[in-house]
Amino acid sequence: MPMRKYNVAIVGASGAVGQEFLRVLDEQDFPIAGLRLFGSGRSAGQHYCFRGRDIEVEELNRDSDFSDVEIAFTSAGASVSREYADIITRHGAVMIDNSSAFRMDPDVPLVVPEVNAADALDRPRGIIGNPNCTTIQMLVALKPIAGLSRIRRVHVSTYQAASGAGAAAMAELQEQYAQIARGEAPTVEKFSAQLAYNLIPQVDVFMDNDYTKEEMKMLNETRKIMHDDEIALSAMCVRVPVLRAHSEAIWVECENPVTVGQVREAMSVAPGLVLMDEPAEGVYPMPLDMAGKDPVYVGRLREDLAVPGGVTFWTVGDQIKKGAALNAVQIAQWLLHNDPVFA
């Protein structure tokens, strides 16, 4: 990392992703001169320890002063990001936003560092969008295939952990199992139905075309990040009773046929990707094992029997890490090395 240190802020510091930002910044040895934490009125006054320092959460309001902040990681929801973006960026801070507020804004780059890092340099509003967790995970795995041939079509089925709905949702899943074990009716507040011992084929709200907003995010964000408005993608997003780490089954068809051997070789050297693919030995990624880890893991790589020259595979990635906080921190790390603003 560069010798210079930077003033950093985390907005939404008390949430699941905000807490992950604290851990990831420390794990990545991010060069921090000063760290400020912001939250709602409910979170203001809480204290968190970072590298031996006790830091109090400040209340985010219209009078908040970001004049000393160079990089702000925001994860407090789309409405908060929209309301405070101008306040956060007015003095030159780069806002790396984990919400959906600006992802499809043409003036806001949407970045997965392994895929389109250079897009982060063109940010007219001073904002960089952190993509949806499912999109990030999928595109890290698709990037090496795109290097072999333009991707024409993708089908994906996601198996999304409770962590995607936040810390309270994770707690609700644990409590549901405990309530059922006690013979009590499970509490259902964070999901549309009981998640314990169940699958819910709905993540986010339904759109007019009967796809959910989450499913449409995967299509629209993929086209933007890959700079390809013609790529076809169809997603089915499912909530599963797993605490953290999302899984995805992906089918890929390219313009030119690709072989499993070609894809395996490309994936084996791809940044941010780890092959765990010895199915005969029972070696493949599972969310229980991948929780808390940085990379995206790939297994069950094989020929697509329905599409000649196509491939299909299974991926697992920690939704709170690579799907949120780590991807945002990696964007910032890339900027420190490549953007003259941070020289």
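Asp 29 is exposed, with a relative accessible area of 55%; here exposed means over 50%, buried under 20% and partly exposed in between, using a 1.4 Å probe on protein chains only. This is a predicted model, in which local features need pLDDT of at least 70 and side-chain atom pairs count only at pLDDT 80 or more, while totals for chains, interfaces and linings use all residues. Residues are numbered from 1 along each chain as its sequence is written, and side-chain values use heavy atoms, leaving out hydrogens and water.

Back to Asp 29: this residue sits in the loop between helix 1 (16–27) and strand 2 (32–39). Helices (H or I, at least four residues) and strands (E, at least two) are DSSP runs, numbered from the N terminus. The phi of Asp 29 is near 55°, a positive value in a residue other than glycine. Most residues other than glycine have a negative phi. Ala 245 also has a positive phi, near 95°, but this residue is buried at 0% relative accessibility. Its place is the loop between strand 9 (232–239) and strand 10 (246–254).

Seven strands form an open, mixed sheet in the order 3-4-2-1-5-6-7, where pairing requires at least two DSSP bridges between two strands. Strand 3 (47–50) and strand 7 (127–129) are the edge strands, each pairing on one side only. Strand 2 and strand 4 (residues 53–59) run parallel over three bridges, and Phe 38 has Glu 58 of strand 4 as its bridge partner.

Helix 7 (residues 260–268) has its own buried residues: Val 263, Ala 266 and Met 267. They lie on the same side of helix 7 because they cover an arc of only 95° around the axis, taken from the directions from the helix axis to the C-beta atoms.

How many salt bridges does the structure hold? There are 22, each a side-chain nitrogen of Lys or Arg within 4 Å of a carboxyl oxygen of Asp or Glu. One of them joins Arg 264 and Asp 277 (2.7 Å, N to O). Arg 264 belongs to helix 7 and Asp 277 to the loop between strand 11 and helix 8 (287–290), so the pair ties together parts that are 13 residues apart in sequence. Arg 264 is partly exposed at 31%, whereas Asp 277 is buried at 14%. Elsewhere, salt bridges that share partners join Glu 20, Arg 23, Arg 244 and Asp 318 into one network.
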